[in-house]
Amino acid sequence: MAKKRQPAWKRVKVNLPGGFVSVGDLRTLLVAIESVGIRTVKIGARQQILFAATSEQLEELTYDLLNQELLHEVVNDYYPNIVSSYVSDGIFNQSRWLREGIYKDILSSFEFVPKLKVNIVDANQSLVPYYTGNLNFVSSDVGNFWHVFIRWPKTNQLFEWSSLVYSMDIGEICRQLEKLILQGDGLPKAGGRALGASLEAKVKEAVQFHCQNSARPLVESEFRLPYYEGLNRYDDKFWLGIYRPDETYTVSFLLDVCGACQTSRIGQLYTTPWRSLIIKDIRQEDRTVWDYILDKHRVNLRHASNELNWQLEDWCESALKLKRSIVRYFDRMNIRTYRLCFGIKIGTNSGIWGSIILKDTTGGGKEPCFDVLHTKDFNANSRTLIPYKQGVAQQLLPRVLEELCDKFYDLAVDDGLSADHSTAYLPEAPETLPAHQQFQCTHCLSIYDAAYGDALMAVPPGLEFADLPADYACGVCGAPKEDFNPIHRTDKTSATH
């Protein structure tokens, strides 16, 4: 009996410029791909939608895909998605001048589809990387003006422009830069600085645009990856972050998400470079709808932070498998990874970023082998890589990473002590501070103490837990009041009674 032939799968990428999509557009796409038998999709590292399809399925999908305004590519990746930090707006940071309207105005100013990677990011956030694009625009202290950083394709070499550029000039500047970089007409063969200066001069000659001298250099936000999962309160609403350990979302789940958004008047969804999905503007009265959808599709929330801080290449099962094994070790050994993130480079993708990079150097060898590198000062946005250990066998990677994490925290402690942050200088609690029954959130383990209240939820000090309103929610993770448990005191005072 002849063996049944497996279908040949082709990888399809759908760009979401800026990392957001209207609920209606996403639903139309999902209905089309579900109708031909596709059951799952992924989110790409550049905030795209990815799925695999057979030639027959693609033939059936052709009309629907062409009808969509969202750019799609089959197998190829000629047009990398425009990445933006719009997803962070209002939930992970509140910029002084950068708002939703400015992001959308900039994106609508692009009259072409870039072949180079473009990043448009707020300097005051650490969810979306600064420099993984070839053309990187980072917000400045001056309203509507941006720092420009050029990273040459397939390198980590950065050049910063001498002046700031205006928001509405970004699209045309990208078009001019792309033409010069990809064609190379009249550009010197010198090093990066001379080439960068030549590019800047040529663009300024070709286009009349607004520029401004920078009053001070860019101050990067310290990398502290926000916890981007779970149901979280902001202002008088909630946002929901969804992460899948296998990087895969079922189409049926996403269709239910779209349905809930449409009935509760949520207009758009957001994707992140961490392959997660974020829904904003969820009302208190709609929380039960989202609980129902998560229950129905068995979607788990609140994964460990050391599982959320990884950057992998798209469609790379070997990297995903390696990540899982290292995360299991981290969990078992209780390894701290706060303020660190990890990248795994199996191919030659220079867009992979992180504080610590694992670079596959197996070559023709039988056993997987990796170089372990870290960025300068462990800054996740730095493009300067420093070798730590080379030729590490895959089974030894967890232990080597544990050592490197220890090195990071040893340096952080030393820096903290030298900056006069030692525990000897921490203020002591006043002896007259009244003792209150403390309650702990069962989800994020944060503690409510009436002596301090909850500043995130505008609860003043002195309000006992029992006196909190029934709709009180954890200021850290948004868990309801009933999900707090009393902490039983074990200090000397309680022991004497």
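Is Glu-247 buried or exposed? At 9% relative accessibility, Glu-247 counts as buried, because the cut-off for buried is under 20%. Keep that residue in mind, since it turns up in the first view. One thing to know before you start: this is a predicted model.

**View 1. Glu-247 and Arg-275 meet in a salt bridge.**
Zoom in on these two side chains and you'll find N and O 3.5 Å apart. Glu-247 sits in the loop between strand 14 (237-242) and strand 15 (248-250), while Arg-275 sits in the loop between strand 16 and strand 17, so the pair ties together parts that are 28 residues apart in sequence. Arg-275 is buried too, with a relative accessibility of 6%.

**View 2. Arg-275 has a positive phi.**
Stay with Arg-275, but look at the backbone this time. Most residues other than glycine have a negative phi. Arg-275 is not a glycine, yet its phi is about 65°. You can find this residue in the loop that runs between strand 16 (268-271) and strand 17 (277-282).

**View 3. Asn-334 has a positive phi as well.**
Here phi is near 55°, again in a residue other than glycine. Look for Asn-334 in the loop between helix 9 (317-333) and strand 19 (342-345). Is Asn-334 buried or exposed? Asn-334 has a relative accessible area of 69%, so it counts as exposed, whereas Arg-275 is buried at 6%.

**View 4. Glu-73 and Lys-13 form a salt bridge.**
The structure holds 15 salt bridges, and in this one the closest N and O atoms are 2.7 Å apart. How far apart in the chain are the two partners? Glu-73 belongs to strand 5 (residues 72-74) and Lys-13 to strand 1 (residues 9-14), and 60 residues separate them, so this pair links distant parts of the chain.

**View 5. Lys-296 pairs with Asp-256 in a salt bridge.**
In this close-up the closest N and O atoms are 2.9 Å apart. Lys-296 is partly exposed, with a relative accessible area of 42%. Asp-256 is partly exposed as well, at 24%. Now hop back to the Lys-13 bridge for a moment: salt bridges with shared partners join Lys-13, Glu-73 and Asp-77 into one network.

**View 6. Leu-50 and Lys-13 come together in space.**
Lys-13 has another neighbour to show you. Leu-50 is 37 residues away from Lys-13 in sequence, but their C-alpha atoms are 4.7 Å apart. Leu-50 is part of strand 4 (residues 49-54). With a relative accessible area of 4%, Leu-50 is buried.

**View 7. Gln-438 and Tyr-448 are 10 residues apart along the chain.**
Gln-438 is in the loop between helix 10 (397-418) and strand 23 (439-441). Gln-438 is partly exposed, with a relative accessible area of 24%.

**View 8. The largest nonpolar core has 59 residues.**
Which members touch the most others? They are Phe-110, Leu-135, Phe-137, Trp-146, Trp-161 and Val-165. Several elements give two or more residues to this core: helix 3 (100-108), strand 7 (118-121), strand 8 (135-139), strand 9 (145-151), helix 4 (170-183) and helix 5 (192-206). Helix 4 gives the most, with 6 residues.

**View 9. Asp residues form a negative surface patch.**
For the last stop, head out to the surface. The patch is made up of Asp-377, Asp-406, Asp-410, Asp-414 and Asp-415. Asp-377 lies in the loop between strand 21 (369-375) and strand 22 (385-393). Why does Asp-377 count as exposed? Its relative accessible area is 65%, and exposed means over 50%.

Definitions and conventions:
Residues are numbered from 1 along each chain as its sequence is written. This is a predicted model: local features need pLDDT of at least 70, side-chain atom pairs count only at pLDDT 80 or more; totals for chains, interfaces and linings use all residues. Side-chain values use heavy atoms; hydrogens and water are left out. Patches are made of residues with over 30% relative accessible area and no salt bridge: like charges are joined within 9 Å, nonpolar side chains (Val, Leu, Ile, Met, Phe, Trp, Tyr) within 5 Å. Accessible areas come from the Shrake-Rupley method with a 1.4 Å probe; for residues, only the protein chains shown count as cover. A salt bridge is a side-chain nitrogen of Lys or Arg within 4 Å of a carboxyl oxygen of Asp or Glu. Lys and Arg count as positive and Asp and Glu as negative; His and the chain ends are not counted. The place of a charge is taken as NZ of Lys, CZ of Arg, CG of Asp or CD of Glu. Helices (H or I, at least four residues) and strands (E, at least two) are DSSP runs, numbered from the N terminus. Buried means under 20% relative accessible area, exposed over 50%, partly exposed in between (1.4 Å probe, protein chains only). A nonpolar core is a set of buried Ala, Val, Leu, Ile, Met, Phe, Trp, Tyr and Cys residues joined through side-chain atoms within 4.5 Å.
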